[in-house]
Amino acid sequence: QSIRRSSFVCDSFGMFWNMSFRLSIFLVAVLSCTRTLVMVNPLIVLRKGVIMGIIAGYTIVQLFQSTIPFWFGNSYSYNAEVDTSSWSISEILVEDGESMTSSDKKWLIALYFFLVVAQYHIPILFVIVSGIVSCVTLKKITIVDTGTSAIPVLCVDT
């Protein structure tokens with residue numbers, strides 16, 4: 001049940017809410033990948049500017065995506081059942097009560113799939129791969145006793 005249409009507060013909250021959880025998932029993926037890179041190759045230097053550029057680029061994509069409802073004269077709606085503001089692709093694909101399945105709207109369905117669905121699954125794949133690589137790398141580490149202290153050493157089988 002939608003309670004309201006076209007409120008600045010609802011639109012702002014909806015944009016922030018939808019961006020925040022996608023950015024969280026993306027940041028976990030970036031953190032997982034960078035930590036794994038450093039664990040696998042301790043001498044690698046990760047440039048902060050490159051990492052920040054990737055994060056800034058993704059944030060811009062999120063801002064762009066959050067404005068999609070406005071392109072079609074729609075806005076975010078407050079949904080009391082889930083207590084948040086959101087938008088639905090079905091609101092854009094319906095015009096005058098008729099479902100629009102013309103080819104000019106099919107690109108929007110593909111865009112919606114890529115921007116919404118893929119943003120949850122692709123980062124999770126990076127996190128899973130990073131976790132597996134980290135576990136395998138940690139399993140290869142052995143402790144070498146030098147007499148005065150124990151030093152972890154990555155053993156590479158040749």
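In which element of the protein is confidence lowest, and in which is it highest? Confidence is lowest in strand β4 (residues 98-99), at a mean of 55, and highest in α2, at 91. These values are pLDDT, the predictor's confidence in each residue, from 0 to 100. Helices (H or I, at least four residues) and strands (E, at least two) are DSSP runs, numbered from the N terminus. Over the protein, the mean pLDDT is 77, with 74% of residues at 70 or more. The model is predicted, so local features need pLDDT of at least 70 and side-chain atom pairs count only at pLDDT 80 or more, while totals for chains, interfaces and linings use all residues. Residues are numbered from 1 along each chain as its sequence is written, and side-chain values use heavy atoms, leaving out hydrogens and water.

Next comes the largest pocket, which holds about 240 Å³ of space. A pocket is an open set of points on a 1 Å grid over the protein atoms alone, where a 1.4 Å probe fits, with protein on both sides within 12 Å along at least five of seven lines; lining residues have an atom within 4 Å of a point. The volume is the space filled by probe spheres set on the points, which are joined across faces, edges and corners. Lining this pocket are 14 residues, and Phe26, Ala29, Val30, Cys33 and Ile54 lie nearest its centre. Two or more lining residues come from each of α1 (8-40), α2 (48-66) and α5 (103-140), with α1 giving the most, six residues.

As for cysteines, zero disulfides (pairs of cysteine sulfur atoms within 2.5 Å) are found in the whole structure.
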